[in-house]
Amino acid sequence: MSCYNVFADYYNRLIDCDYDKWSQFLIDRGCAGKGIDLACGTGNVTFRLAQKGCTMVGIDLSESMLAVAESKKTNVKNPMFRCQDMTQFTATDKVNFVSCVCDGINYVAPTDVEKVFANVFGCLQDGGIFVFDVSSAYKLKNILGNNFFYQDEDDLTYFWTNSLKKDRVVMDLTFFIKNGKQYQRFDERHTQYIYAEAQLCDLLKKAGFSSVQTFADYTDGKVKDSTQRIVFCAVK
């Protein structure tokens, strides 16, 4: 069962994130010039960074999400979008920064995280920065965990059932989408892996990053046991 297919058409409607705040955080941390936005989805952050003067390339594995992003473009050249796997992406020219927001790294299996970090390190200029976030172990275990969520609207109903495993949360989403007088059912499965703050810091340093800082929820605050989103800022 794949993910971000049918969900792509409803992603912006169902997912409530403060993209303005996140984009400004990236700018304040030095994201400027040429950048790559990994797991860019429908381009919510990619577009905002482009509007702030960055030359952007958005990369995502979901053709459906990228199709939505492409439909939002008003500038042919900025941002550009590419369908690629984070574990295999490359850049023709070195860039000033790489971003990856809204759980992108949580979707990467533990066996592949080092590949992603190595790819990012390789495409950055010296002094370039890598900023990304993860949903914390606290959030995945205690808030999402084995819980059930749903949303019911006139044209759409969806059920979100989670199953907590040792190192991951498996999320089964069922959509019922109104089509005339009938509803069509679609199913997707998402898997998010649980990563500790120290674990990812160690892997970043192993990849060659010389400086790694962490922040809580796109603020200057320190990470606490109850922090739901951990933001990593690593410098090459």
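This is a predicted model: local features need pLDDT of at least 70, side-chain atom pairs count only at pLDDT 80 or more; totals for chains, interfaces and linings use all residues.
In helix 6, which spans residues 137-144, the buried residues are Lys139, Leu140 and Leu144. These three cover an arc of only 95° around the axis, which puts them on the same side of helix 6.

**Helix 6 and its surroundings**

- The buried residues of helix 6 pack against strand 5 (124-135), strand 6 (148-152), strand 7 (156-164), strand 8 (168-179), strand 9 (182-193) and strand 11 (229-235).
- Gly145, which comes just after helix 6, takes a positive phi of about 35°.

- Four strands form an open sheet in the order 6-7-8-9, and their pairing is antiparallel.
- Strand 6 and strand 9 stand at the edges of this sheet, and because each has a single partner strand, one side of each is left without a neighbour in the sheet.
- Direction ignored, neighbouring strands of this sheet are turned by 10° against each other on average.
- Strand 7 and strand 8 run antiparallel and are joined by nine bridges; Asn162 has its bridge partner, Met171, in strand 8.
- Helix 6 packs on the sheet, where it touches strand 6, strand 7, strand 8 and strand 9, and the direction of helix 6 makes about 110° with that of strand 7.

**Asn106, a buried loop residue**

- Asn106 lies in the loop between strand 4 (95-100) and helix 5 (113-123), and it counts as buried because its relative accessibility is 0%, where the cut-off for buried is under 20%.
- Leaving aside residues up to four places away in sequence, Asn106 touches Val134, Ser135, Leu140, Thr191, Gln192, Tyr193 and Tyr195; one of these contacts, Leu140, is also among the buried residues of helix 6.

**Cysteines without disulfides**

- The count of disulfides comes to zero, under a rule that asks for a pair of cysteine sulfur atoms within 2.5 Å.
- Cys31 is in no disulfide, and the nearest cysteine sulfur, which belongs to Cys54, is 7.0 Å away; Cys31 is buried, with a relative accessible area of 1%.
- Cys123 is likewise in no disulfide, the nearest cysteine sulfur being that of Cys100, 12 Å away, and Cys123 is buried with a relative accessible area of 5%.

Notes:
Residues are numbered from 1 along each chain as its sequence is written. Side-chain values use heavy atoms; hydrogens and water are left out. Buried means under 20% relative accessible area, exposed over 50%, partly exposed in between (1.4 Å probe, protein chains only). Helices (H or I, at least four residues) and strands (E, at least two) are DSSP runs, numbered from the N terminus. The arc is that of the directions from the helix axis to the C-beta atoms. Contact means heavy atoms within 4.5 Å. Two strands pair if DSSP finds at least two bridges between them. Axes are lines fitted to C-alpha atoms, for helices over the stretch in contact, and angles run from 0 to 180 degrees between N-to-C directions.
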